[in-house]
Amino acid sequence: MTLARPSLLPVNEPLHVAGIGASAGGLEAMLQMFARLRPTGRIAYVVAQHMADNGHTELVVRLIQRESALPVELGVSGARLKPDTVLVIPAGKDGRVFGETLRLSEPAPEHLSTPSVNALFASIAETCRSFGLGIILSGAGSDGAAGCRMIREAGGLTLAQDPAEAKFDGMPDAAIRARQIDEIMPVAMMGPSLAARFPAIAASVTPAVAPPAAPLPSPADPGPVDEELRDLQTLVRKVFEATGIDFSCYKEETLLRRLEKRRSVLGIGTMEAYRALVQRDPGELQVLQHLFLVSVSSFFRDRESFRVLERALAAAIAEKPEGEPIRVWVPGCASGEEPYSLAIILNRLIEERGGKHPIAITATDLNPDALAMAREGLYRKTAFKEAEDGLRERYFLQRGQHYEIRPEIKSCVTFERRDVLSGAPPADLDLVSCRNLLIYMKSQLQDDLIKVFHQSLRPHGLLFIGQSESLGLAGNALFAPIDHYHRLFRRRCSGAGR
């Protein structure tokens, strides 16, 4: 079945439907892509961006709207597909193209991530045949690879973001390795490529479909800023003035989610009312600062990744001269579970080898409350949910309902309050463990931080990052993967920045 021809299209010109599949890192890729799309009168767009059931779909739509040259709408069941319009499938639903409409349904049990890219692409292949397009952007996993095969078998076109620039290369790489992608390109080229492949219909028709797009904003002319983001920028500036901590390089969507959560807790429905609260009680800025900071952790978080790291550390220790210290930096250490996990691993490895290597772990964070907890070294049972059996009994002392880290482990870690990018970083390091901090930062700040890590590490030193993070182009030039899935990398000796 081929999608019926919308009335605005010329006779015998079916509507093309482009499905866009993305997961981790996909929002950033979409913002670049949609900023460069232009009306052609020929293509309708449907987005399947993986989100949790309680994902902030409306926020995602607003962020895309802010950058997109085309109108963006939240998809509802029965929504009509229109040329030059973007429909975003909401969190917790699967979306399929059927006839001229988008239909939503509860996710199938076999779909591990939703909205399912494969489900969307399969429906486009069936409905649109050779007029279907599948576009795969940044994301972990392989969702979309099977859907791309169906679109190609139906005669449609498939595109993938260049994995080298994707924040998470799993999804584009899986489709490319399956040989189901027609063209691989940077996201910035996708808009111009589609415009060249599908030239705009006659001028007499185009204005009825969509008004001419405004020129891309130049650095000197950033264009209109959403009122919600203006409010956020004002609050970020006030937080900086009150606390000295600058969140201007953190991702807006992260800060907005935490701000919305704070307003919900307070029962404040509007930003105007929240601004009034801050005016009455400047102490609220301190609360906001704590909410913006990342201070959640547990021992051996992502246990399998720690096992991969332990093997790499064992090899590094084996090559060290007797008596030479092992130096580690843990930026964004939160309440101390991660640096203490590393201290436990290193103590165990040194003990097993019978060697003598002093352990010097520098753990840094901006949150003074989290650092106070870390220095105390006292934890609830829930902090050990991923720790192996027997670890708590061996390395902790029970204190009522809590567990205190043993003094010989505590003495390996020094906690400091500092900004990760200010002052001289630790040097001659064997390991930098920075997990689940990069995901909150904008791309430029991520690149700057990766360069700092490169400068701090010894030749062939180790970099350990979170499961939901990637290094980007700058990081891949500076670090080589040891285990890409578990996000463990080794410092390259000849990269830029050294």
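In this predicted model, the "active site" annotation of an unreviewed UniProt entry covers Ser-23, His-50 and Asp-143. These residues span 121 residues in sequence, yet no two of their C-alpha atoms are more than 9.6 Å apart, so they gather at one spot. The points below take up His-50 and Asp-143 of that annotated set, then a pair of helices, H12 and H13, whose axes come within 10 Å, and finally Ser-68, in the loop between H2 and strand S3.

**The annotated residues His-50 and Asp-143**

- His-50 belongs to the loop that runs between strand S2 (43-49) and helix H2 (57-67), and because its relative accessible area is 13%, below the 20% cut-off, it is classed as buried.
- Apart from neighbours within four places in sequence, His-50 has contacts with Ala-22, Ser-23, Ser-113, Thr-114, Pro-115, Val-117, Asp-143 and Met-171, a list that includes both of the other residues under the UniProt annotation, Ser-23 and Asp-143.
- Asp-143 sits in the loop between strand S8 (132-136) and helix H4 (145-153), and with a relative accessible area of 14% Asp-143 is likewise buried.
- With neighbours within four places in sequence again set aside, the contacts of Asp-143 are His-50, Ser-113, Pro-115, Ser-116, Val-117, Asn-118, Ile-136 and Met-171.

**The pairing of helices H12 and H13**

- The axes of helix H12 (residues 303-318) and helix H13 (residues 337-353) approach within 10 Å and cross at roughly 45°, which makes H12 oblique to H13.
- The crossing of H12 past H13 is right-handed.
- On the H12 side the contact is made by Phe-306, Leu-309, Glu-310, Leu-313, Ala-314, Ile-317 and Ala-318, while H13 contributes Glu-338, Ser-341, Leu-342, Ile-345, Leu-346, Arg-348, Leu-349, Ile-350 and Arg-353.

- Ser-68 is located in the loop between H2 and strand S3 (72-74), and its relative accessibility of 13% places Ser-68 among the buried residues.
- The Ser-68 side chain reaches the backbone oxygen of Leu-70 at 2.7 Å, and, when residues up to four places away in sequence are not counted, Ser-68 touches Phe-34 and Ala-35.

Note on methods. Residues are numbered from 1 along each chain as its sequence is written. This is a predicted model: local features need pLDDT of at least 70, side-chain atom pairs count only at pLDDT 80 or more; totals for chains, interfaces and linings use all residues. Side-chain values use heavy atoms; hydrogens and water are left out. UniProt positions are given in the numbering used here, feature names are shortened, and annotations may be inferred rather than shown by experiment. Helices (H or I, at least four residues) and strands (E, at least two) are DSSP runs, numbered from the N terminus. Buried means under 20% relative accessible area, exposed over 50%, partly exposed in between (1.4 Å probe, protein chains only). Contact means heavy atoms within 4.5 Å. Axes are lines fitted to C-alpha atoms, for helices over the stretch in contact, and angles run from 0 to 180 degrees between N-to-C directions. Angles under 35 degrees count as roughly parallel, over 145 as roughly antiparallel, 65 to 115 as roughly perpendicular and the rest as oblique. A crossing is left-handed if the near helix is turned anticlockwise from the far one by less than a right angle, and right-handed if clockwise. A polar contact is a pair of N or O atoms within 3.5 Å; within protein, one must be able to donate a hydrogen and the other to accept it, and residues adjacent in sequence count only if both atoms are side-chain atoms.
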